[in-house]
Amino acid sequence: MAIRNSMANLLIGIDVGGTNIKIGCFDTRLKLLKKTSITTDANTGPQAVVKKMLTAIDDLVRESSFTLSDISAAGIGTPGPADYKAGIIINSTNMPAFKNVPIRQMLSGGLHCPVVFDNDANVACFGEFVAGAGKGVTDMVFFTLGTGIGAGIVSEGKLLRGISGNAAELGHTIIYPDGRLCNCGQKGCVEAYASASNTAKRATEAVEAGEKSSLKKVLDKNGQITSKDVYDHLKTGDKLAKKITDETAKALAILCINTLHATEPQRIVFAGGMIAAGDILLNRIKDYFNQQIWKLKKETIEICFATLGEDAGIIGAAALAKNQ
Ligand SMILES: [Zn+2]
């Protein structure tokens, strides 16, 4: 389906998460006109969720003084795995009711315009590429540190997708053979060490195993340790928090090196809740990177944090819709 020519040429960007769905309405230059967030309520099933999405989009364009017929294209990002080329969500850990859902067709039928469908990390990656930390480069790699590690690769200005759109699953790069078991079934994935959840989990395991730390009080009081707790206690000089952070930073640095050798990006961008740790984490990643990287040639790659925050997904989805 070709991009529809409407008076306004509005672009819609949709970012689906397990808890919330964020939707943005953009003009043709990707300027955000209005955005909204609705609860996903994935257990109500795909039909009900898509219906709710369409109602929210209708409200959003009306509030911007337009109608649905002013939309020229839409983009949507969802967690994988999916057959992105066929437009079908195959399965989702956070949305068990979503099995073999032809999401692209359902949306384009409701909006009467073409819809692009991609992985949530790819969409956020593309958002940062066009409007955030990737501005001004042609080759960029993006990592988002959350429950898992999502990733996206932009090469020569384009997202790298692979044969079914599931390329760039770099969180499942094995960095320590026979290492920690990952949720995916492999052992030693970088995600099993350095995601926000696994950083917190390694801290919890160490405290439970009897290592001395000011984090013990947190565990006793809250029943759990978060990655934020780890960085808070790092700042107050806790030795275990430093050890856990160092291991996370080292795993991420190895990931950066392996990625550099695969795609030679100009910039590697980290996103997700864990970047709130700030320079204390970023500088450790850079230290390990410089320590471990080959010496055959000098690398000038920049490693930095994302700048768009939660809007990266809707911006990227709208940008992909524009570029289709
Ligand atoms: Zn894995």
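Predicted model: local features only at pLDDT ≥ 70, side-chain atom pairs only at ≥ 80, totals over all residues.
Residues are numbered from 1 along each chain as its sequence is written, and side-chain values use heavy atoms, with hydrogens and water left out.

An open sheet of five strands has mixed pairing and the order β3-β2-β1-β4-β7. Strands (E, at least two residues) and helices (H or I, at least four residues) are DSSP runs numbered from the N terminus, and two strands pair if DSSP finds at least two bridges between them. Because β3 and β7 stand at the edges with a single partner strand each, one side of each is left without a neighbour in the sheet. On average, neighbouring strands of this sheet are turned by 15° against each other, direction ignored; axes are lines fitted to C-alpha atoms, for helices over the stretch in contact, and angles run from 0 to 180 degrees between N-to-C directions.

Helix α1 (residues 46–63) packs on the sheet and touches β1 (10–16), β2, β3 and β4 (71–78), where contact means heavy atoms within 4.5 Å. The direction of α1 makes about 35° with that of β2. Helix α2 (residues 103–111) lies across β1, β4 and β7 and runs at about 150° to β7.

Strands β2 (residues 20–26) and β3 (residues 32–39) run antiparallel and are joined by seven bridges. Asparagine 20 has threonine 39 in β3 as its bridge partner, and glycine 24 stands opposite lysine 35 in β3. The two strands form a hairpin with five residues between them, and leucine 30 in the turn has a positive phi of about 70°.

Rings of Phe, Tyr and Trp (its six-membered ring) pair if their centres lie within 6.5 Å; planes under 30 degrees apart count as stacked, over 60 as edge-to-face and the rest as tilted. The rings of tyrosine 84 and phenylalanine 117 form a tilted pair, because their centres are 4.8 Å apart and their planes at 45°.

The zinc ion is coordinated at 2.0 to 2.4 Å by His172 (ND1), Cys182 (SG), Cys184 (SG) and Cys189 (SG). Donors are N, O and S atoms within 2.8 Å of the metal (3.2 Å for Na, K and Ca); water is not among the atoms, so sites may look incomplete. The donor residues are spaced H-x9-C-x1-C-x4-C in sequence.
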